[in-house]
Amino acid sequence: MAKTLVLYYSATNTTKNIAEQIAQQLNADIAEIHPAQPYTDADLNWHDDQSRTSIEQHEHNSRVDIKDDLPDISGYDNIVIGHPIWWAIPPRMISTVIDRLDLNGKNLALFATSGGTSYDRSQNYVERTVNENDYDTKVNQGAILNDPRQIDGWIDSLNFK
Ligand SMILES: Cc1cc2nc3c(=O)[nH]c(=O)nc-3n(C[C@H](O)[C@H](O)[C@H](O)COP(=O)(O)O)c2cc1C
């Protein structure tokens, strides 16, 4: 049977809640992504253009270091990555995760929670990062899943093994 891993980052537990429900529905394993340096409330203040997240998210192609605790994904067929939307795209650590995982031959799907921004720019961002790594990876269409009732429809749309 195909094996699925759900990886997520969540600053304030919204994405975590959805990730847990997705993992349950897919009978998947689940693991949290940790930034090397945790974000403080001040770091997360998007009203401050000098806050850590404002600076990181506006710096083109920047990367944010993560804790060295990503699971071994060699035994998984499908990888789901969940994240909040920050300045219309994934937190920069998500690119670091894509760089670090060997996604060759995997089915990849990303979802996010947001205050209203769609997944369009994030999808472009993720596909570009996968291409930059030269992975042979099927990237499914990502989605904003703010409401748990959207989970079933999204799962049905995935081209998972
Ligand atoms: C630094 C920062 C930037 C954000 N930028 C956006 C944005 O561009 N569009 C949007 O709809 N929501 C934005 N949000 C809201 C989050 O995407 C939303 O609250 C999300 O559900 C938080 O998920 P979490 O609790 O898993 O961290 C931003 C939040 C933060 C902290």
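A residue is buried if 20 or more other C-beta atoms, placed from the backbone, lie within 10 Å of its own. Helices (H or I, at least four residues) and strands (E, at least two) are DSSP runs, numbered from the N terminus. The model is predicted: local features need pLDDT of at least 70, side-chain atom pairs count only at pLDDT 80 or more, and totals for chains, interfaces and linings use all residues. Residue numbers start from 1 along each chain as its sequence is written.

**View 1. Helix 3 is mostly covered.** Of its 8 residues, 6 are buried. These are Met93, Ile94, Ser95, Thr96, Val97 and Ile98. Their cover includes strand 1, strand 3 and helix 4.

**View 2. The largest nonpolar core has 38 residues.** Such a core joins buried Ala, Val, Leu, Ile, Met, Phe, Trp, Tyr and Cys residues through C-beta atoms within 7 Å. Val6, Leu7, Ile79, Val80, Ile81 and Val97 touch the most other members. Elements giving two or more residues include strand 1 (4–8), strand 3 (78–84) and helix 3 (93–100).

**View 3. Valine 6 and its contacts.** Contact means C-beta atoms, placed from the backbone, within 7 Å. Leaving aside neighbours within four places in sequence, valine 6 contacts Ala19, Ile22, Ala23, Ala28, Ile30, Val80 and Gly82.

**View 4. The ligand is surrounded by 20 residues.** The closest are Ser10, Thr14, Thr15, Pro84 and Gly115. Helix 1 (residues 14–26) gives the largest share of this shell, 3 residues.

Notes:
A residue is near a molecule or strand if its C-beta atom, placed from the backbone, lies within 6 Å of it. A residue is buried if 20 or more other C-beta atoms lie within 10 Å of its own, exposed if 12 or fewer, and partly exposed in between; C-beta atoms are placed from the backbone. Two residues are in contact if their C-beta atoms, placed from the backbone, lie within 7 Å.
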